[in-house]
Amino acid sequence: MTSRIVILGGGTGGTLTANRLRRLYGADEAAITVVDQDDRHVYQPGLLFVPFGLAHTDDIVRPRARQLHEGIEFIESAIDHVDIEAGEVRLGNGVTLGYDVLVVATGARLVPEETEGLLGPAWMDSVFTFYTPEGAAALGAALATFDRGRLVVNVVDMPIKCPVAPLEFCFLADWYFTERGIRDRVQITYATPLDGAFTKPIAAAQLGGMLNARGIEIVTEFNTGEVVPGGRLTGYDGREVQFDLAVVIPLHGGATYVGRSPGLGDELDFVPTDEHTLQSKAASNIFVIGDAANVPASKAGSVTHFEGETLVDNVRRFLTGEPLEAGFDGHANCFIETGFHKALLIDFNYDTEPVPGHYPSPVGLPLLKESRLNHLGKLLFQSVYWHGLLPGRDLPGLGSNMPTAGKHLPVPEKD
Ligand SMILES: Cc1cc2nc3c(=O)[nH]c(=O)nc-3n(C[C@H](O)[C@H](O)[C@H](O)COP(=O)(O)OP(=O)(O)OC[C@H]3O[C@@H](n4cnc5c(N)ncnc54)[C@H](O)[C@@H]3O)c2cc1C
């Protein structure tokens, strides 16, 4: 019997899942369908470079269907809702798709409208985001004419995609204004809801020290309540941060159809998911990959990639009636661009925070340390993304689980 596998979302997770499944199953064993609302696959890590003129939006967008192996059906349509009871997805174009297995890969959505004043008259004038191609390009034009004043980078609330991207933006801004010879005329402030530069203590201390060393002010535990015309962010606690140019990372939620699908999502429209098997809590035949899941891992492409192996194996196990494998360990790794042609690398999982050492083995890339090698790694990653990660290939020497060889792990305290 041919299994019907429907994948919602044709971004990082949906594409690599479809390609891995296609390799696993012949056309007579599984009919694989991918649904996405548009035909523009954006390499999102590239958005960071657009405002600084280091990339152009045309270089980071490709058609979706071209990333999918032969024999995978691609439907371009919005999703209206999932009917879990009936095992059906209703699309915006009126078509209904029945499924034996559903994979939710619809990522995270920006919800700037949730912050008072953010979409007011200053939006795309003196307030921008680089989290969309349009926003990144418009911010690039604004930065090019910005030659003095206060630049504020503000994360409204967590969770966000790639929690290190706003920090990278600060470091690149420091480099960019230095290159232009006007760094002393620009004050850079990072306003974050966290109590430090990052969520995990060792990396937070290291990154906080780097912000300090570059003269970037950090305002912590700042929960943005309102963006006030004239250049002011107001926090819920009454604190204010003044700006001439603001780069805001808006609130994130899951896709809106999740909220229209009874029993599928939580209050933010993310999908409650087992953090190790990646099976949804809503139904045994629904699996979740990437930013759409509510698992306590970073919302990152690397996480999505590492999840792929477990998810596809568990779809196979589900279809053959075998017990699922609790295989995903929360593995994340991120290059953190720090400007001046250098980058830092962090590697961690649910249980182990980023620590110094090397990745993926004692002779690999330096961890939690700035190096040119890491910067080259970050640049090379775009090619790895299109040609290795999306096709669903296992990358040689880079397993899905977090490696411990080469890491300087803290010695556990004795009782
Ligand atoms: C600025 C920026 C920098 C980043 N840098 C890095 C980095 O350096 N390293 C890293 O690992 N990660 C990075 N990321 C994060 C990474 O891009 C995401 O975590 C990854 O793409 C998640 O994959 P996904 O499949 O869950 O979601 P996505 O790739 O976003 O795909 C979701 C898909 O679902 C579709 N969709 C949503 N709703 C609907 C609907 N209602 N109907 C139909 N289709 C729908 C969307 O069109 C989209 O194609 C960055 C992200 C940003 C924004």
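Which residue forms a salt bridge with Arg239? The partner is Asp237, and the closest N and O atoms of the pair are 2.8 Å apart. A salt bridge is taken here as a side-chain nitrogen of Lys or Arg within 4 Å of a carboxyl oxygen of Asp or Glu. The structure is a predicted model, in which local features need pLDDT of at least 70 and side-chain atom pairs count only at pLDDT 80 or more, while totals for chains, interfaces and linings use all residues. Residues are numbered from 1 along each chain as its sequence is written, and side-chain values use heavy atoms, with hydrogens and water left out.

Side chains of opposite charge can pair when their charged atoms come close. By the rule above, the count comes to 20 salt bridges. One of them joins Arg20 to Asp394, with the closest N and O atoms 2.7 Å apart. Arg20 lies in helix α1 (residues 12-24) and Asp394 in the segment after α7, so the pair ties together parts that are 374 residues apart in sequence. Helices (H or I, at least four residues) and strands (E, at least two) are DSSP runs, numbered from the N terminus. Arg20 is buried, at a relative accessible area of 11%, whereas Asp394 is exposed, at 52%. Buried means under 20% relative accessible area, exposed over 50%, and partly exposed in between (1.4 Å probe, protein chains only). Arg239 is partly exposed at 34% relative accessibility. A network of salt bridges links Asp313, Arg316, Arg317, Glu322 and Glu325.

An open sheet is formed by 3 strands in the order β15-β16-β17, with antiparallel pairing. Its edge strands, β15 (224-228) and β17 (240-242), each pair on one side only. Two strands pair if DSSP finds at least two bridges between them. Strand β16 (residues 232-235) is joined to β15 by 4 bridges, and Glu226 stands opposite Thr234 in β16. A salt bridge also connects Arg232 and Glu240, whose closest N and O atoms are 2.7 Å apart. Arg232 is partly exposed, with a relative accessible area of 27%, and Glu240 is partly exposed as well, at 42%.

Leu379 lies in helix α7 (residues 372-389) and is partly exposed, with a relative accessible area of 44%.
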